[in-house]
Amino acid sequence: MEGQSILYNLSVRMEDESDSVPSTMSIDKLLPALLECFGIILCGYIAGRTNIITNTQAKGLGNFVSKFALPALLFKNMVLLDFSDVIWPFLWSILIAKVSVFCIVCVLTLIVANPDSRYSKAGLFSIFATQSNDFALGYPIVEALYKSTHPEYLQYIYLVAPVSLMLLNPIGFALCEIQKWKNQENQEQQSKLRILGLVVLQVLKNPIVFMVVIGIIAHFVLHQTIPAFMAEFIDGLANSFGGAALFYLGLSMVGQLRKLARSTIVTLILLITAKLLLMPLICKDMVDLLDNNSTDAVNQSSLSDYAFLYGVFPTAPSVAIYAVYYNAELQVVTSGMVISTFLSAPIMYVSAWLLTVKRMDTQLVMNSLLSVSFNMSIVSLFALVWTITVMFLSKKYKRLPHMFTVNLFLAQLLTSIGMILWNFVVKEGNFIGQILTFTLLCTSLYSTYMWPAVLLRSSGLLVIAGWGIPCVVTAVLLCSGQKIPNTIDPLYFYGKEQVTKQTKSSSYSIAIIQSHLKFCLVCNQTPGSRENVVFNLFLSNVCLSPSSVECENCCESTDCLLGKMEELQQVGDKQVVRHVLLCLLLTVNLLANFSSSMWLLCNHAPGRLYLELLFFCAIVNYVQGFLSFAMFGLDKHLILLPFKRFFTQWFVKKPKQQLDLPDDIRMICSQFTKYHKQQCCCDIVKNRRCGRKTVVRCFLGCELVDWLLQVGLAQDRGEAVLYGTQLQQGGVLQHIKDEYSFQDSQLYFYFLS
């Protein structure tokens with residue numbers, strides 16, 4: 001009866017917390033708001049990913065958002081702010097929570113970081129953990145939840161944001177300036193007063209800080225009224241912020257995950273944990289502590305819930321700008337910003353939904369949990385069937401580390417099947433069916449805990465552990481465990497004993513991952529294999545015989561060596577970044593399950609926050625297949641490029657002659673051919689053997705991109721790819737087999753005569 005007693009205590013605790021406290025959130029408006037925000041973010045990402053908007057053009061939009069639209073929005077709201085409605089203990093609670101997280105991250109970083117970059121890491125990581133995306137993403141969420149019940153909560157966004165901008169960020173900037181001072185050779189010439197002056201100047205140059213100060217002054221001078229002659233102007237700029245900021249956020253995410261490396265995985269896990277888990281908990285606890293004298297229980301509970309949701313807001317994109325400015329920790333900050341943004345969406349939705357639930361009984365809790373797990377498993381099942389098919393068709397399953405990745409996908413597939421079967425057998429009451437399904441589900445789920453460690457180090461012993469340890473744990477449970485009656489959750493089928501073994505399994509896997517991270521750094525190699533090196537040496541040192549014939553159009557060799565080289569690169573790509581990112585996400589899953597188990601073992605009346613963690617664990621356990629599909633399901637060479645060629649062939653009308661081209665493409669091709677083509681051929685075009693007696697004068701796509709940047713024909717790599725695409729559309733260059741569009745990659749192209 002132990003499992004039932006735990007759930008009963010949970011239900012009672014929830015009832016005690018919710019007595020006489022009605023819901024103050026409009027949860028029905030949250031999902032449309034999330035879809036609106038992340039839909040606009042997705043549009044921005046697609047625009048940047050397809051080079052509709054280049055990186056240089058995106059910077060222009062970013063400057064408009066940060067230097068015109070947002071300052072106008074802040075000025076407007078500072079002037080109109082009603083300080084009489086402000087509950088000051090709430091603001092002090094958020095201030096203390098942010099300062100606490102800032103100090104924790106800063107001190108820990110100073111203790112464990114490398115002395116060569118200790119101060120810059122401490123400054124940037126502390127800013128990362130405390131500066132939230134309050135205006136672009138946070139404000140629409142708060143507006144959806146509280147506009148109809150507590151509209152005064154919207155103004156807290158404008159009061160809380162300056163805490164980071166004016167108090168905490170300058171401390172982080174000071175640490176970064178100290179690091180710059182230490183890295184300079186003439187340290188004695190750099191005075192501490194100069195460093196302080198640089199920090200103050202950096203803060204004052206920020207238009208957001210400047211307009212907050214001006215807005216507060218104008219609030220008292222103008223008596224909370226914006227003059228009519230400037231009201232429309234301010235409104236026009238302020239109203240343009242919402243959509244433009246979200247669109248720019250999507251643009252800023254393009255290419256950031258490519259910077260992710262194995263060396264950053266532990267740092268990312270800790271920073272994301274501090275931002276999305278530690279911050280909301282401290283915010284909620286501080287409100288409960290400082291506002292406990294409030295006579296209005298409804299308002300106190302509402303503020304506490306609001307503080308928790310505020311803490312879940314993801315990191316602001318401006319932190320990446322700071323990292324670029326100080327040229328430090330760009331990999332961690334940019335990757336963490338992307339991951340925290342997308343992780344915050346399900347956390348915010350689940351948190352808001354659970355905070356509105358009042359008086360939920362045990363059976364309803366477990367039925368809702370089972371329903372969520374079942375729905376997630378169905379999505380993962382289809383995603384995993386597709387992903388495993390792609391791995392076999394692309395023949396990547398024969399190579400490392402994809403050989404171990406397929407085992408992870410198989411474990412995830414069996415987990416989804418087991419959960420779907422469990423949804424039916426648990427309702428029928430068939431004991432034998434429950435035991436068989438539990439064996440399948442438990443073994444495969446514990447196996448998904450083990451395989452992330454195997455991916456980081458391809459060891460034969462760990463391969464055996466990937467399937468062996470879960471089988472042993474399940475066998476011990478079946479032989480010695482005592483089934484809890486009337487339990488429908490498979491994770492608590494054997495009560496405390498199962499929770500204990502689950503805790504040990506997840507902690508064992510986490511320990512393996514951490515212990516092998518430095519090993520992975522030593523063994524980290526660029527994507528490819530030994531055959532790639534041999535092929536590159538052969539192609540670069542080819543000795544051309546007098547009888548060699550040059551291919552005039554596309555490569556005429558039926559057994560083209562360059563084509564084979566491209567195929568070898570495609571098959572031999574280890575996809576290191578995708579594996580690291582998948583391991584990072586699965587490690588978050590491990591930490592969540594470990595925390596859930598430890599929380600339940602140490603506290604038999606865990607309360608509402610534990611229920612939120614329980615639902616989060618259910619989602620991440622059974623949505624793993626969708627994560628795998630996102631990482632490996634859309635294979636570039638097997639799916640995306642063939643689809644793009646098919647779409648271009650059937651739906652894009654090719655110009656029959658030069659006159660059919662758009663004017664801009666025709667002009668670019670004409671200018672390049674007349675002024676730049678000859679020099680480009682001298683710099684990057686080389687004779688490369690493509691057959692026994694044939695050669696082709698060609699170049700790599702990435703070489704042309706580098707050349708365009710070097711001579712100033714493009715401002716960034718995105719513009720260079722767009723330039724090369726236009727040259728291909730204009731008939732100036734072509735792929736050697738006429739199979740691919742122009743790309744910034746190791747594909748071979750040649751100029752048409």
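A: Helices (H or I, at least four residues) and strands (E, at least two) are DSSP runs, numbered from the N terminus. Thr109 sits in one of them, helix H4. This is a predicted model, where local features need pLDDT of at least 70, side-chain atom pairs count only at pLDDT 80 or more, and totals for chains, interfaces and linings use all residues. Residues are numbered from 1 along each chain as its sequence is written, and side-chain values use heavy atoms, with hydrogens and water left out.

Start with Thr109. Thr109 counts as buried because its relative accessibility is 9% (buried is under 20% relative accessible area, exposed over 50%, partly exposed in between, with a 1.4 Å probe and protein chains only). Leaving out residues up to four places away in sequence, Thr109 touches Arg118, Lys121, Ala122 and Phe125 (contact means heavy atoms within 4.5 Å).

Ile104, Val107, Leu108, Ile111, Val112 and Leu278 make up a nonpolar surface patch, with about 550 Å² of accessible area together. Patches take residues with over 30% relative accessible area and no salt bridge, joining like charges within 9 Å and nonpolar side chains (Val, Leu, Ile, Met, Phe, Trp, Tyr) within 5 Å. Areas come from the Shrake-Rupley method with a 1.4 Å probe, and for residues only the protein chains shown count as cover. Helix H4, residues 88-112, supplies five residues, the largest share of the patch. Leu278 belongs to helix H12, residues 265-290. Leu278 is partly exposed because its relative accessible area is 30%.

Now the rings. The structure holds 23 aromatic pairs (rings of Phe, Tyr and Trp, its six-membered ring, pair if their centres lie within 6.5 Å; planes under 30 degrees apart count as stacked, over 60 as edge-to-face and the rest as tilted). Phe90 and Tyr306 are both buried. For another geometry, take Phe173 and Tyr322: their centres are 5.0 Å apart and their planes at 80°, so they are edge-to-face. Phe173 lies in helix H7 (residues 156-183) and Tyr322 in helix H14 (residues 318-326), 149 residues apart. Phe173 and Tyr322 are buried too.

Side chains of opposite charge can pair when their charged atoms come close. The structure holds six salt bridges (a side-chain nitrogen of Lys or Arg within 4 Å of a carboxyl oxygen of Asp or Glu). Asp305 forms one with Lys284, the closest N and O atoms being 3.6 Å apart. Asp305 is in helix H13 and Lys284 in helix H12, 21 residues apart. Asp305 is buried because its relative accessible area is 8%. Lys284 is buried because its relative accessibility is 15%.

Another bridge joins Asp235 and Lys76, with the closest N and O atoms 3.2 Å apart. Asp235 lies in helix H10 (residues 228-239) and Lys76 in helix H3 (residues 55-80), so this pair ties together parts 159 residues apart in sequence. Asp235 is partly exposed because its relative accessible area is 23%.

Further along, Arg717 and Asp744 meet in a salt bridge at 2.7 Å, N to O. Arg717 is in helix H30 (residues 717-729), and Asp744 is in the loop between E4 and E5, 27 residues apart. Arg717 is partly exposed because its relative accessible area is 34%. Asp744 is partly exposed because its value is 32%. Shared partners join Asp706, Arg717 and Asp744 into one salt-bridge network.

The flanking strands pair up. E4 (residues 733-735) and E5 run antiparallel, joined by three bridges (strands pair if DSSP finds at least two bridges between them). His735 has Phe749 of E5 as its bridge partner. From E5 (residues 748-751), Tyr748 and Tyr750 point one way and Phe749 and Phe751 the other, and all are buried.

Finally, the whole chain. It has 30 helices and five strands. Of its 753 residues, 53% count as buried. Among contacts with a separation of 6 or more, 80% come from residues 24 or more positions apart.
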